[in-house]
Amino acid sequence: MIRASRIDIASLAKIAEQLGGDVAGGGVLCPGPDHSADDRSLSVKPDRADREGFVTHSFAGDDWRSCRDHVRKLLGLAEPKAKPKEKKQKKTGDGKPWTTLGTYIYRDADNKPFLRVEKKLDDKGKRRFVQSYWNGSGWVTGAPKGPKIPYRLPELKAASETTVIHFCEGEKDSDTLAKIGFIATTMSEGSSAEWDKAATKHFKDRHVVILPDADVPGRKHGLKVATAIHGVAASVRVVDLYPDRHDGSDVSDWITNDTAGVKLAKLVKEADEWEPTGPATSEPSEPEEEQSEIDIEIARLARLPVIKYEQERKTAAEALGVRASVLDRLVQDERARLGGDDDTGLQGRAISLAEPEPWPEPVDGAALLDDISKAIGAHVIMPDASRDACALWAAHTFLLDCTMISPRLAITSPTRGCGKTTALDVMSQLVLRPLPSANVSASAIFRVVEGFRPTLMIDEADTFLRDNDELRGVLNSGHRKGGSVLRNVGDDHEVRSFSTFGACAIALIGQLPGTLADRSVPITLTRRKKDETIKPFRLDRVGHLVVLARRLARWTADHAVEIAATEPTMPTGIYNRAADNWRPLLAIATVAGGKWLERGQAAALASAAADIDDAALLELLLGDIRDIFAKRAANEIDPADRIPSAALAEALAEIEGRPWAEYGKNDKPLTQNKLARLLKPLKIVPENIRIDDKVPKGYILERFEEAFSRYLDPEGSSEPLHRYNPFKSSTSELFQSATAETDVADRKYEKPYNSRPCSGVADRRGGGRRRGRSLRLLRSCRWQRGSLQRRPDGPAP
């Protein structure tokens, strides 16, 4: 509840609602005075020390008085009563009538207190910086004697020489960067102070990046620092985050929209080294004339979402006195200037892939993988083995140069609402160069892999992948190093090779096509129960995951050679293609140490138990077809040795717990054409068969004899029935047991005629030589627990 004269700290959500903004950290980000509803340039934070209970900060440079009036009006707060006049105090900085906005402690190289800087707001709204020094027992007002030292000096000293040091204009900015893992520092008194030459030694042989504030004093200060440490530091770079602004914006403002510092790290990495003779030494120019109202309106429109702009464009064009098409071009140019579209004339946006800045300190591999596995499990419900597999696969994306195989990560679920997209979003924050897409063409895949080698994060694959043979072929080829496609390029049609090798995660409802599943590490999700709790995932709250990605970048870089040389121990039962898939992941687990090799092996075995490949699917189909022919013979259907294609497909779809009920397109039942394609590799094709006076397309039992003898065990079914889920046929989770009990499927498939022998059926029905030959196969079979098995002892007793 909000009181009439003061803000109530305990009601941030209510405050955000009234201000038209969002809760962010310990405060609210909302539209500033006279700003659009989508604007979030005003920060409002509760402050018990303030007489109205809140402080404001405008990232757009709005007057603080206007901001406070704006907040009061929306919250229904009364104007504060004027304070009684106080006796004039000396400017001693004792802070009694002032509000403290922040306190910053400088510590020397031995981590002992040295200087305290208090940022205060006086009774006139002016910022003050009060200094105190440590006398060994307490703080004494005034600057310390002797040379100055950098802020956060112990961390600077402890960082390795290869670590980038970020030099900011103020302590607040340094703390902001330190919270997300950067090494950052500044000097007291900011841009107004002369450089203390004694401080230069602290930057000897260090790689320094200077981040000036976006105003003339800030940029002059940045040049002053760069000049002072140039020649002493190993390298100096000056990165102006807001080159087109003159409003004092700083790195803390930048981090508001780049919460994990990913874009900042990219800018720093791409920045050129500063040289005294370079353009950075020129004096910063004074701000140009203030923008016209038209410029301001165009800038506002350029920042709107596409739908919002479309709704406003005609009204805005009329207000500005221009045609809507002209306004479109002006807004497009402004978007390009703001970085929203740097490909003039092209549709879409240029691809920009994030690479995490490696953690400054060495990282323990086992502890890191533990943290990643826990972080994944905090957002998505999945078995422990699946979390471990995801953690190892995330590390693998940083190590493609160390392996010949890159297994696909197959994130599947039986239905919607199981967390596939969330799982993909979480993994996207952990892997190297993630490139999300909910639809993609084959040509886009090989071109983007050739140009950027991203980690492909493909979502909604069930809507476009199964019937796209070309795309499946490209994704299959990317499983092995050296995989490529050939295309004609240019007017001369020159043949060029495009690499397809790269990491790829695929999320879909149902199962991957067989050839892709064979090249994948399966992660199967189920819908969350009501009593299962997870931490909601938000793309603007991913700092904890980005820190893990930075640690992963450091650990994989430090151990890449060792991982490449490791031949891991493969668990019993993992061989052939499955061993190829798990070898790079288990090599990572081996080098990480701790219990991770055992955990990785357990994950490999769990994935193998859940997997079904093309060969197993074909065996399952043959076994079911053999059962259907046997049933026809047992039920004395004439003729028993042949069946129309439509009838066979229908009979297969009716078998409970098998995939045939949803094997067709869009999870519809198996069709005659699909059945024909499945049997084609065995050279079994539908043919004209005579049944009474009709000649439909169908199948003859004799054509299956060789396939039955080669692929099915005459003494038992090719796979134990408990491998297949006996649930209703509409589920997509057909290949995973819902229980550890091995006899569940047996009980599910028991029939009244379990022990009825098949011998004697052919004797009763008779028939020609061909029919008699086919039915001899059935005579040697008996029903047992729902599957047809050859009897070892000849005819029935």
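**Note on the predicted model: helices, sheets and selected residues**

1. Helix H18 covers residues 576–592, a run of 17 residues, and spans 25 Å from its first C-alpha to its last, close to the 24 Å expected at 1.5 Å a residue. The expected span is 1.5 Å times one less than the number of residues. Helices (H or I, at least four residues) and strands (E, at least two) are DSSP runs numbered from the N terminus. The model is predicted: local features need pLDDT of at least 70, side-chain atom pairs count only at pLDDT 80 or more, and totals for chains, interfaces and linings use all residues. Residues are numbered from 1 along each chain as its sequence is written, and side-chain values use heavy atoms, with hydrogens and water left out.

2. Where does H18 kink? A kink of about 40° lies at Arg-583, shortly before the proline Pro-584. The bend at a residue is the angle between axes fitted to the seven residues ending there and the seven starting there. Several H18 residues are buried, among them Trp-582, Pro-584, Leu-585, Leu-586 and Ile-588. Buried means under 20% relative accessible area, exposed over 50%, and partly exposed in between (1.4 Å probe, protein chains only). Just after H18, Gly-593 adopts a positive phi of about 80°.

3. In the protein there are 26 helices and 24 strands. Of its 797 residues, 47% are buried. Among contacts between residues at least 6 apart in sequence, 64% join residues at least 24 apart; contact means heavy atoms within 4.5 Å.

4. The structure holds zero disulfides, a disulfide being a pair of cysteine sulfur atoms within 2.5 Å. Two cysteines may be noted for their accessibility. Cys-390 counts as buried because its relative accessible area is 1%. Cys-418 is likewise classed as buried, because its relative accessibility is 7%.

5. An open sheet is formed by four strands in the order E1-E2-E3-E4, with antiparallel pairing. Its edge strands are E1 (22–24) and E4 (54–58), each of which pairs on one side only. Neighbouring strands of this sheet are turned by 30° against each other on average, direction ignored. Strands pair if DSSP finds at least two bridges between them. Strand E2 (residues 27–30) and strand E3 (residues 42–46) are joined in the antiparallel sense over three bridges, and Leu-42 in E3 is the bridge partner of Cys-30.

6. Which strands does helix H1 lie across? Helix H1 (residues 12–19) lies across E1, E2 and E3, and runs at about 15° to E2. Helix H2 (residues 64–75) also packs on the sheet, where it touches E3 and E4; the direction of H2 makes about 125° with that of E4. For these angles, axes are lines fitted to C-alpha atoms, for helices over the stretch in contact, and values run from 0 to 180 degrees between N-to-C directions.

7. Lys-73 is a residue of helix H2. Is Lys-73 buried or exposed? It is exposed, because its relative accessibility is 72%. The C-alpha atoms of Lys-73 and Leu-19 are separated by 9.5 Å, although these residues stand 54 residues apart along the chain.

8. Gly-222 belongs to helix H5 (residues 216–229) and counts as buried because its relative accessibility is 2%. Leaving aside neighbours within four places in sequence, Gly-222 is in contact with Ile-210 and Pro-212.

9. Strand E22 (residues 697–700) pairs with strand E20 (residues 642–644) in the antiparallel sense over three bridges; here Tyr-699 in E22 is the bridge partner of Ile-643. Strand E21 (residues 687–688) also pairs with E22 in the antiparallel sense, over two bridges, and Gly-698 in E22 is the bridge partner of Glu-687.

10. The loop between helix H20 (614–634) and E20 contains Pro-639, which is joined to Asp-638 by a cis peptide bond with omega of about -5°. Glu-636 is placed in the loop between H20 and E20. The phi of Glu-636 is near 60°, a positive value in a residue other than glycine. Glu-636 counts as partly exposed because its relative accessibility is 41%.

11. Lys-683 lies in the loop between helix H22 (672–679) and E21. Its phi is near 60°, a positive value in a residue other than glycine. Lys-683 is exposed, with a relative accessible area of 74%.
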